[in-house]
Amino acid sequence: MNKLLLLVVFLIAGTSLSKAQETVDVLMKKALSEAAASEKHVLVKFEASWCGWCHRMNEQLKDPSVASYFKENYVMLPIVVFENGNNVSLENPGSRELIKKYKGATAGLPFWVILDGSGNVITNSFNEKGVNLGCPASQKEVVIFIEKLKATSEMSKEDEKNVAIVFTKK
């Protein structure tokens with residue numbers, strides 16, 4: 001009986017551990033290492049399961065007309081933050097502290113920053129008035145988003161056109 005109980009305890013512990021999210025420190029270390037090795041920047045995107053705009057931006061980043069541009073220029077680092085209730089376990093440990101570090105804790109989601117390979121902030125999702133662009137949707141927001149991308153990557157006219165089409169709210 002004791003062996004059976006011990007087996008059940010190990011199975012439960014193993015299952016709960018496999019569902020645990022990686023810490024922000026581990027994820028950041030991996031992303032910065034990859035960025036430095038590949039001469040890319042890191043696009044850190046804070047998101048939550050309940051955030052419709054976060055889901056929209058994820059789909060846009062995967063759109064076939066822009067996916068290769070983002071893959072060639074950025075190490076994508078999604079960080080789950082600000083979950084509620086039963087979904088708190090989805091958060092990456094340390095995510096709340098990291099979003100505070102980047103001054104995005106009250107900005108809304110998605111919130112993103114672009115880092116160089118050493119972890120220094122190059123730009124973030126705030127416009128010139130300090131308002132979070134989040135998932136850019138209006139033509140004005142998309143123009144600002146493209147300017148931030150151009151400042152942190154190799155962006156062709158074709159890439160620029162495709163990003164504008166994919167991100168402008170339809």
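Predicted model: local features only at pLDDT ≥ 70, side-chain atom pairs only at ≥ 80, totals over all residues.
Let me start with Lys103, which sits in the loop between α5 and β3. Its phi is near 65°, a positive value in a residue other than glycine. Is Lys103 buried or exposed? Lys103 is exposed, with a relative accessible area of 65%. For the cut-offs, exposed means over 50% relative accessible area, buried means under 20%, and partly exposed is what falls in between, with a 1.4 Å probe and protein chains only. And when I say helix or strand, I mean DSSP runs numbered from the N terminus: H or I of at least four residues for helices, E of at least two for strands.

Residues are numbered from 1 along each chain as its sequence is written, and side-chain values use heavy atoms, with hydrogens and water left out.

Pro110 lies in the loop between α5, residues 95–101, and β3. What kind of peptide bond joins Leu109 and Pro110? It is a cis peptide bond, with omega at about -5°.

Glu39 is found in the loop between α2, residues 24–38, and β1. Phi of Glu39 is near 55°, again a positive value in a residue other than glycine. Glu39 is exposed, with a relative accessible area of 76%.

Now the overall picture, please. The protein has seven helices and four strands, and along the sequence they follow the pattern α-α-β-α-α-β-α-β-β-α-α. Of its 170 residues, 41% count as buried. The accessible surface comes to about 9,900 Å², of which 58% belongs to carbon and sulfur atoms; that area is from the Shrake-Rupley method with a 1.4 Å probe, and for residues only the protein chains shown count as cover. On contacts, meaning heavy atoms within 4.5 Å, take those between residues at least 6 apart in sequence: 62% of them join residues at least 24 apart.

On to the sheet. The four strands form an open sheet in the order β2-β1-β3-β4, with mixed pairing. Here two strands pair if DSSP finds at least two bridges between them. The edge strands are β2, residues 74–80, and β4, each pairing on one side only. From one strand to the next, the twist averages 20°.

Let's walk through the pairs. Strands β1 and β2 run parallel and are joined by seven bridges; Phe46, for instance, has Ile79 in β2 as its bridge partner. On the β3 side, β1 pairs in the antiparallel sense over five bridges, and there Val44 is partnered by Val113 in β3. Why call β1 largely enclosed by the rest of the structure? Because six of the seven residues of β1 are buried.

Next comes the β3 and β4 pair, residues 111–115 and 121–124, which is antiparallel over three bridges. Ile114 finds its bridge partner in Thr123 of β4. The hairpin of β3 and β4 has five residues between the strands, and in it Gly119 takes a positive phi near 95°.

What lies across the sheet strands? Helix α3, residues 52–62, lies across β1 (41–47), β2 and β3, and runs at about 150° to β1. Angles here go from 0 to 180 degrees between N-to-C directions, with axes as lines fitted to C-alpha atoms, for helices over the stretch in contact.

Gln60 counts as buried, at 6% relative accessibility. Leaving aside neighbours within four places in sequence, Gln60 is in contact with Val66, Cys135, Val166 and Phe167.

Helix α6, residues 139–152, and helix α7, residues 157–167, pack at an angle of about 145°, with their axes 10 Å apart. On the α6 side the contact is made by Val142, Phe145, Ile146, Leu149 and Lys150, and on the α7 side by Glu160, Val163, Ala164 and Phe167. By class, that is seven nonpolar, no polar and two charged residues. Nonpolar covers Ala, Val, Leu, Ile, Met, Phe, Trp, Tyr, Cys and Pro, charged covers Asp, Glu, Lys and Arg, and the others, Gly among them, are polar.

Thanks, everyone, and over to you for questions.
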